[in-house]
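Please look at the model shown here with its chains in view, and follow how two of them meet.

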Amino acid sequence: MSKSNTPRDIIIDTSAADKFAAITSESDSPFNGMDRKDVFVLSAAIGHDQGLRTTIESRHALAQLASLSNEQRWVLKSISAKEHGDVDILDDKPRVYKIAGEYATGGIDYLNNLRTSPEDMYSRLSTDIIKVANLYMDDD
Amino acid sequence: MKQEDVNRRITKEVDEIEDDNIRQFIQEALAFERSKMDRDQPHFKQDYRRLLKEYVDIESEDQ
Amino acid sequence: MSLQFHTITLKNFRQYSGEQVIDLACPDQSRINVLEGQNGAGKSNLLNAITLCFYGKEEHNGDSDNENEEEKLPYVSQEKLSNLNPGDSASGYIEITLGYEEPRYRFKREFETYVTDNGEFEDVRDELTLRRWEGRNWKIERNPNTYMTQILPATVSDYFLFDGEDLEGFFSENYPSNVEDAILDVSHTKLLERSIDHLNKVERQLEKDASSAEGKAGEINDEIEAFEAELDTLEGEKEEAEDNLEDTESHIRKVRQKMADVSDEDVRNLYNNRDDLEDLIKSKEQRTRNLRGETSKLMLEAGPAVFAFDAIEFTAQEFSEQESRGELPPKIRQWFIEELLEEGRCICGSDIDEEHTHDETVVTRRKKLKALRKEMPDASEEGLEGKTKLPSILQTAENKVAQIQQNRQLIADLDDEVDDHKQRLQDINSQLKAYELPDDDVDVGSLEDQLERLKDQKTTLTKHIGSLETDIEEVKAKLKQTRKEYQRELDKLDRYRAISAQIEFVQDARDEVQQIKDYILNQIRNETEDNLEQYFNTLIWKEEDYEVILNDDYSIEVLDPHGDNKIGSLSAGETQVLALSFMAALAQISGFDAPVVIDTPLGRISSEPRKRIAQNLPQYLEDTQLTFLMTDEEYTDTVRSLMKSSIANEHDLQFKKGSTEVIPRV
């Protein structure tokens, strides 16, 4: 297994950049004022959960990969591993984070739709997190 | 901050403006304003237009 | 010490009939004067006398029962006026001596009240006069206002001569604009503001000049004019709404003041209950907001692991299988060994520091660990790390989800509690509306109606202002964009190159001046912040120190030692302390070395915090002469004894048969 270089930036599609901006700056978002890189990880996870992987047509650098914590990177790596079907993919860092970016591109669209829907995003999202957590964690 | 401290600060900041034309224009504009401080609504347009004619050089590369 | 009042002499001024000299000079270490009088005895009129003398204006209506300024009492005392016939007049004056150790300035303003043909009163006041002590005699100065402007100009006098009860509304909902106005007042940047204003107007004029340009530039300029007109309208509407809001808030305060005068104990209890409920609602709503913020953070932290649970579990499972196939070392992790070697401590706790080369045991242990490291199979580093990390990621997420659930429950409980409180509040309001008291007591029912109307008005105005602000921002953004387009069009046309160059020049110059103004205001904000924090911690009776932050948008944060911002949940006493501290900070910043007079400094604060503030008052604005005009409720024996060592002069304002006499206490 050859180890390839870890990419410097987190990449999303250009069309998603405005949505990240909206989620971190609009008053109707519970994540107003928070970091885009953190929203990226959440978006990737939601994108994975909802099956929203979206090809990146025009590349946009959202943040530096180094700004993510170790734990956050493990979440992204796990998503790619599951997508690929085994952990061998973890040696191909560019591919790992490309997949994460594609899921995040789909995930942020979902989050932004939640924000602009009549339902309160904060209530809906916290309910979903608890519901999904109970579903998975109760099975343990 | 006392008035004189503010005045000194303004002078210092204006002195540091790099563009000569802008700096000198502002110095004259502020001098003009000081002369009219005791008036509520002084006339100013003519004076400012005169200053602009003096300091705005449309032939200059700087513009 | 600062410049101080030596004497104030009142002749025939409102309640102060005859000639009365009030001695305020402070010798040596003591610098506080106290004048005590009941409501109506003339405390506010004393403050009015000072501003009337200095600036020819009065702003303090505290004692007066008249809400309408036009119904103010005439200058001359009633006693004098009662003997007059139509066509007659009577006169009086206010004289104030100021100086450092010795009196140096004698300001005087004379006035006269005429009786008109239909029996009404008309006031006339003379120009301010000044005599200045020149070493041997009092010299008449021809430009008293010039001296007054150097001693204490009208624009900053509000921070030296004020009514403590007026501060009640200072930190209300829209307080950042009050703070901004105050700081602009003391910033001496009027010169720069003027210049910026004039440059803006010149820019518009130049744009108009270019508007006769053919083609697109003309059209775009029309658009600019339309946007500017729209902006002017919106800003005018906003200013009007803000004035109305200020008036509404002032009326609300007046209604509340009237309510406080009711003598019926049941009603007073209801008012107190209502105030307590309102405070409780405010603090619970703040707590809810805090919890929501906390929960949002938790969602961002735990959400990823929850939504990617299956992926994380899959990956951990894969690593587990690798381990069982012998592809991962079972127990010891390479990185763990690296850490041990680096830290110089073995897993058993013994020292294996590289530096201890003389110790055989240490050297041997290090060699063994290094050998163990070499022996480890060439395993996937990822797998090693992942094996440990992934389960702990899931565990952390599970804990945070539990916290989210807890917070949601807390929020739901708080919401229920707030709903109950609001219901109780409604009940109290209904009770108060239906109250019938004897005729000579306060009309509670009608005051309740007034208060409700005013509160609704306040809500409507606040929303309206908010929506106007959004519209204004939108128009400004469009204006900016359109100006850029206009500039580009102008550049294309040769004959307008000159104007275009001038417009650009004016914009550059304006930006430079704006930057200088912003820089100075920033300096002043920083200095104000430091002073505000210092004064707040001096006056506040809590043991801990607070951090006070004045933000760029002029909002203020008051952080307790835990870092929680208390600004939204300060008690009446704490708000008064903050307001007094702010006034002191501004007085300090203004650079003027003038004395301070405060009417009712301790306002309607309850007795416990009042005592504690009183204790700290002598440290308020050290080196400044302070004159407090207090009611007997404020200046209790306890408060007096706490302040005693700093007091220079005490006077009683004795109000009898419509007249006030100022009696020095011995």
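The paragraphs below go through the interface of two chains in a predicted model.

Residues are numbered from 1 along each chain as its sequence is written, and chains are lettered from A in the order in which they are written. Because the model is predicted, local features need pLDDT of at least 70 and side-chain atom pairs count only at pLDDT 80 or more, while totals for chains, interfaces and linings use all residues; side-chain values use heavy atoms, with hydrogens and water left out.

Where chain C meets chain B, 35 residues of chain C are in contact with 31 residues of chain B, contact being heavy atoms within 4.5 Å. The two chains bury about 3200 Å² between them, 70% of it on carbon and sulfur atoms, where buried area is the accessible area (1.4 Å probe) that two parts lose on being put together, summed over both. Of the area that chain C buries against chain B, 24% comes from C:Leu191, C:Arg194 and C:Phe505, more than from any other three residues.

Between chain C and chain B there is one salt bridge, a term for a side-chain nitrogen of Lys or Arg within 4 Å of a carboxyl oxygen of Asp or Glu. The side chains that form a salt bridge here are those of B:Arg49 and C:Asp209, at 2.6 Å from N to O. On the side of chain C that touches chain B, two or more residues come from each of H6 and helix H14 (497-539) of chain C, helices being DSSP runs of H or I with at least four residues, numbered from the N terminus. H14(C) gives the most to this side, with 17 residues.
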